[in-house]
Amino acid sequence: MKERKPKNVFQEGPISSEFIGNSIAKHQSKTSIGAHNIFLGQVRADEIDGKTVKAIQYTAYEDMANEKFHEIREATFEKFNLTCMHIYHSLGEVKTGEICMFIFVSSPRRKEVFKAIEYLVEEVKTKVPIFGKEVFEDATHQWKVNS
Amino acid sequence: MNLTIKYFGMLAEATQCQEEEFLFSQESVSDLLKMLFVKYPELEEKDFQVAQNNQIVSKDSKIETTEIALLPPFAGG
């Protein structure tokens, strides 16, 4: 297997639909691909004790996070027959309704991408040191914990 | 040795800083935590993991690097 260098997955602010659309378009030249699968994480307006979340501010231990993303990518390529894989996550403020994570996998065959995307999302949620401050409409906040 | 401690999320909020340096002569992560709990009693009630060399380590492991990170629960995705 060829060596892949760690990539920086972090983007400041939300991930735009233009960015996602362009990523899809870039794969039209890769004609061995028969199936793509995409996961988009969107910031939800949770209501907690009568207050509504209006945004999440993301921070990360970036060195470790990039290394973990790299380990997860390598493990996913080992487990599944994928042609390519892209992972992006926001840092800074992402408002409710905006996209904070974009995971994109491609393979010659559909079954691989369904399994790979679920594996990837779970790995990112449990192994990557990313922290989220949920800011309410009245400017108070609480810290998000993945369940 | 000079040890850099990094705090994230709710832990940075509790300590009011994102990183600081200590001259530290003891060996284990748990010795370090004892010292930090004296300085920041609030930390003791928080749920967190400890990382060194970008890996999560147990609280009784030895300190083998000059940078230790205290990580609250993850919230990515």
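Analyst: The largest nonpolar core in this predicted model has 29 residues. Such a core is a set of buried Ala, Val, Leu, Ile, Met, Phe, Trp, Tyr and Cys residues joined through side-chain atoms within 4.5 Å. Buried means under 20% relative accessible area, exposed means over 50%, and partly exposed lies in between (1.4 Å probe, protein chains only). Phe10(A), Tyr58(A), Phe69(A), Leu82(A) and Ile103(A) have the most contacts inside the core. In soluble globular proteins, nonpolar side chains tend to be buried together.

Two notes on reading the model. Residues are numbered from 1 along each chain as its sequence is written, with chains lettered from A and ligands numbered from 1 in the order in which they are written. Because the model is predicted, local features need pLDDT of at least 70 and side-chain atom pairs count only at pLDDT 80 or more, while totals for chains, interfaces and linings use all residues; side-chain values use heavy atoms, with hydrogens and water left out.

Which elements build the core? Those that give two or more residues are strand 4 (51–60), helix 2, strand 5 (84–95), strand 6 (99–107) and helix 3 (110–127) of chain A. Helices (H or I, at least four residues) and strands (E, at least two) are DSSP runs, numbered from the N terminus. Helix 3 of chain A gives the largest share, 6 residues.

Take Tyr58(A). Contact means heavy atoms within 4.5 Å. Leaving aside neighbours within four places in sequence, Tyr58(A) is in contact with residues including Val43(A), Leu91(A), Val94(A), Cys100(A), Ile130(A) and Phe131(A). The list also includes Ala75(B), from chain B.

Now helix 3 of chain A. This helix has 18 residues and reaches 26 Å from its first C-alpha to its last. That is close to the 26 Å expected at 1.5 Å a residue; the expected span is 1.5 Å times one less than the number of residues. Which residues of helix 3 of chain A are buried? Glu112(A), Val113(A), Ala116(A), Ile117(A), Leu120(A), Val121(A), Glu123(A) and Val124(A) are. These residues cover an arc of only 165° around the axis, so they lie on the same side of helix 3 of chain A. The arc is that of the directions from the helix axis to the C-beta atoms. An α-helix has 3.6 residues a turn, so residues three or four places apart point the same way. On the other side of helix 3 of chain A, Lys111(A), Phe114(A), Glu118(A) and Thr126(A) are exposed. What covers the buried residues? The cover includes strand 2 (35–42), helix 2, strand 5 and strand 6 of chain A.

Chain B has an open sheet of 5 strands, in the order 2-1-5-3-4, with mixed pairing. Two strands pair if DSSP finds at least two bridges between them. The edge strands, strand 2 (19–23) and strand 4 (55–57) of chain B, each pair on one side only. Helix 2 (residues 62–79) of chain A packs on this sheet and touches strand 3, strand 4 and strand 5 of chain B. Its direction makes about 105° with that of strand 4 of chain B. Axes are lines fitted to C-alpha atoms, for helices over the stretch in contact, and angles run from 0 to 180 degrees between N-to-C directions.

A second, separate core has 21 residues. Among them are Leu3(B), Ile5(B), Leu36(B) and Tyr40(B).
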